[in-house]
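Here is a short report for a first look. The sequence and structure come next.

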Amino acid sequence: MTEKLKSLLKSVQSVCVLTGAGISAESGVPTFRGEGGLWSRLKPEELANFDAFMKNPENVWAWYQHRKEIMHSVQPNAAHKALAEMEKIIPDFTLITQNIDNLHYRAGSKNVLELHGNIERSYCIKCGKYYSDVQITKEKPIPYCECSGIIRPDVVWFGENLPIDVFDKAVEATRRCELLLSIGTSAVVYPAAGLPLQAKEHGSYVVEINVEYTELSPYVNETIIGRAGEVVPALLEIMKEERQ
Ligand code: BJW
Ligand code: ZN
C-alpha cells in the first residue's frame, strides 16, 4: 500500500466500492471463474441465460436452490463487516455489488446497489409479481405464479439488462467519488466492469483488492494483492485513525 493511499484513506469523504464473488469466497461461497470456480465445471450458457431457463427451468432452479442453501449456511466475513463500518464513517459512501448472496446486508450494510439481483427474490415472467419465499422441492421443482406464469429468480443473466435505476445510481456514484475500491472481482463482466474505469476517468483514485492480478489491473492506481478479509479491515483501520 502506497503512502498516497494511506493519506487519502485518512481524509477521504466520498468512497465507492464495487464487490464481486471474491469478497464472499472466504465465507465459503464459490466464485465463478478460476480454479474451483463454478464455471470451471458448469457452463454459463446452460445456467445463466434466459433461453437456458426456458428450455430447462428445473435444472436452472435446482442450481439456484443449491446455491441458495450454501448462501444461507455461511456467514458474512471480516471484509463484509469492514464495509458496513465504512458506511458509518464516510459521509458519501456507495456500495455496489455484483453478488446476489445478501451477505452485505447481513453484515449490516444499509445502502447496497445490487447490480445482478438477489437470490432471495423471484418474479413471475408473465405478470411480474415479486415473491420472496419461493420454495423448491422434489415434488415442486418449478414454481408457478397464481396467474400460471413461471417464476424465475430475480437475478441478471447474460444478455439481460441490469436494473436501470440501480445501475444509474452506481454510475452517478462512480462519477463523484474520490476513491473507488474494486474488491474480489475478475472485472470481465460488463457493464459492471466498466464502473472502475469510469471512476478513474472522472478523477477518482482507483484501488483493486484481489488475490491475483485481473483485467482491470493495468488501469488502476494500485493493486493490493491479498485476501479481502485481511486487506479491507486494514484499510478501515487506517480510515478510522485520523477521524476519531
Ligand atoms: C478474491 C478472493 C479473496 C477470490 N479476496 N479476491 C463481449 C464483450 C463485452 C461484453 C459482452 C460480450 N458479449 C456479451 C457481453 C455482455 C455480457 C458480458 O460482459 N460478457 C462477458 C463475460 C464477455 N454482459 C451481459 O450480458 C450483461 N448485460 C448486458 O450487457 O446487458 C446489455 C445487453 C443486452 C442484450 C444483449 C447484450 C447486451 C449482464 C451480465 C450478467 C452477469 N450475470 C452473472 C450471474 C448473476 C446471477 C448469479 O449469481 O447466478 O453475474 S455471471 C457472473 O459473473 C455473476 C457475477 O456477478 C459476474 C461477475 O463475476 P465476479 O463477481 O467478478 O466473479 P469471478 O468469479 O469472475 O471473480 C472472482 C474474483 O475474486 C477473482 O478475480 C478472484 O481472483 C478473486 N478472489 N478469492 C479477494 N479471498
Ligand atoms: Zn404471474
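## Terms and model

Buried means under 20% relative accessible area, exposed means over 50%, and partly exposed lies in between (1.4 Å probe, protein chains only). Tyr 130 is exposed, with a relative accessible area of 52%. Trp 63 and Tyr 64 are both buried.

This is a predicted model: local features need pLDDT of at least 70, side-chain atom pairs count only at pLDDT 80 or more, and totals for chains, interfaces and linings use all residues. Residues are numbered from 1 along each chain as its sequence is written, chains are lettered from A and ligands numbered from 1 in the order in which they are written, and side-chain values use heavy atoms, leaving out hydrogens and water.

## Aromatic rings

The whole structure holds 7 aromatic pairs. Rings of Phe, Tyr and Trp (its six-membered ring) pair if their centres lie within 6.5 Å; planes under 30 degrees apart are stacked, over 60 edge-to-face, the rest tilted. Trp 63 and Tyr 64 pair edge-to-face, at 4.9 Å centre to centre and 75 degrees between the planes.

## Ligand 1

Among the 34 residues around ligand 1, Arg 33, Tyr 64, Arg 67, Thr 185 and Ser 186 come nearest; a residue counts as near if one of its heavy atoms lies within 4 Å. An oxygen atom of ligand 1 is 2.5 Å from an N or O atom in the Ser 186 side chain. Another entry places a nitrogen atom of ligand 1 at 2.9 Å from a polar backbone atom of Val 156.

Technical notes: A polar contact is a pair of N or O atoms within 3.5 Å; within protein, one must be able to donate a hydrogen and the other to accept it, and residues adjacent in sequence count only if both atoms are side-chain atoms.
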